[in-house]
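Good morning, and thank you for coming.

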Amino acid sequence: MARLIRKRETLLFLIIVVMIAIFSTRAADFATPENLAGIFNDTSILIILALAQMTVILTKSIDLSVAANLAFTGMAIAMMNAAYPDLPLVVLILAAIVIGACLGAINGFLVWALEIPPIVVTLGTLTIYRGMAFVLSGGAWVNAHQMTPVFLSVPRTPILGLPVLGWVGIVIVLLMYVLLRYTQFGRSAYATGGNPTAAVYAGIDTGWTKFLAFVLSGALAGLASYLWVSRYAVAYVDIANGFELDSVAACVIGGISIAGGVGSVAGTVLGALFLGVIKNALPVIGISPFTQMAISGTVIILAVAFNARRERNRGRIILRDRAAAEIRTEAVV
């Protein structure tokens, strides 16, 4: 039992359960199935962005432009829907994914081919993509009355008590789990972040792996752009502002190492749900938005400290095992 609790995902799950129990004492309806389904649905977009961020972080990179990608792509497809209302919804969704992937490919190319540090590249493209959204729209909003009913209604349609948006989040989680656990790309991503030198000796093209990670991150941001615009029935330049930091926070809280090569899909999802529960609960119990930001920041710092301590301990274990092996070798000799 103690070993199970030491597992990061199990511990985080128990913390979320305790949080829900505590918050339900202040708001009687907080722990009802309907409200919990609503929290998951509201957090689904963050889950998708966090999984996009996780893929990049695993390769020892970071993507600070995911939210700006979402903003530009969301504006683009909202304007397409308003200008060409007869376009099938499938075409618009595919266009969002392709546009997002292209923006991600720009990041990946700069990191891979020009060897510019990822944080510098994505910090720059964060501003560029937001600026592109402004130029594209002229600063104007695309409102609900300009969008078609089908465009707006699909993610909100309930199936078995959960809107389509929530089901899309579940499907993406399952696909990412399979991709990172059972495919060559997934193994390459972990190897690239965990030990780049060993990965190169093993025949892995670490630059290409990082490029693909950025492309996948962009594609997921593109999908999230449609879900965001249709969910909130509006597109403007500043949508999802700050979500790039929330996606990083979800990863860090979920146990994804900023140093790369460590983490799981389950941990990322739980990290996003942790933030989702906090953001839904704190307003209910009367805590101001500024206090919410302080609490979220404190949680992030604690999670980073926890991760650093765990990795230090793991390093000590490796050194201890290596020393023991050397002693055994000397004894044999």
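Let me begin with a definition: a crossing is called left-handed if the near helix is turned anticlockwise from the far one by less than a right angle, and right-handed if it is turned clockwise. Please bear in mind that this is a predicted model.

On the α9 side, the contact involves F185, S188, A189 and T192, which meet T206, T209, K210, L212, A213 and L216 of α11. By class, the residues of this contact are five nonpolar, four polar and one charged.

How far apart are the axes of α3 and α13? Helix α3, residues 33–58, and helix α13, residues 265–284, have axes 8 Å apart, and they pack at an angle of about 140°. That angle makes α3 oblique to α13. Here the crossing is right-handed. Among the residues in contact are I39, F40 and D42 of α3, and V265, T268 and V269 of α13. The contact of α3 with α13 comprises 13 nonpolar, four polar and one charged residues.

Finally, an unreviewed UniProt entry places the feature "transmembrane region" at several spans, including residues 37–59 and 90–112. Residues 37–59 are 96% helix, with end C-alpha atoms 33 Å apart. Residues 90–112 are 100% helix, and their end C-alpha atoms lie 32 Å apart.

Technical notes: Residues are numbered from 1 along each chain as its sequence is written. This is a predicted model: local features need pLDDT of at least 70, side-chain atom pairs count only at pLDDT 80 or more; totals for chains, interfaces and linings use all residues. Side-chain values use heavy atoms; hydrogens and water are left out. Contact means heavy atoms within 4.5 Å. Helices (H or I, at least four residues) and strands (E, at least two) are DSSP runs, numbered from the N terminus. Ala, Val, Leu, Ile, Met, Phe, Trp, Tyr, Cys and Pro count as nonpolar, Asp, Glu, Lys and Arg as charged, and the others, Gly among them, as polar. UniProt positions are given in the numbering used here, feature names are shortened, and annotations may be inferred rather than shown by experiment. Axes are lines fitted to C-alpha atoms, for helices over the stretch in contact, and angles run from 0 to 180 degrees between N-to-C directions. Angles under 35 degrees count as roughly parallel, over 145 as roughly antiparallel, 65 to 115 as roughly perpendicular and the rest as oblique.
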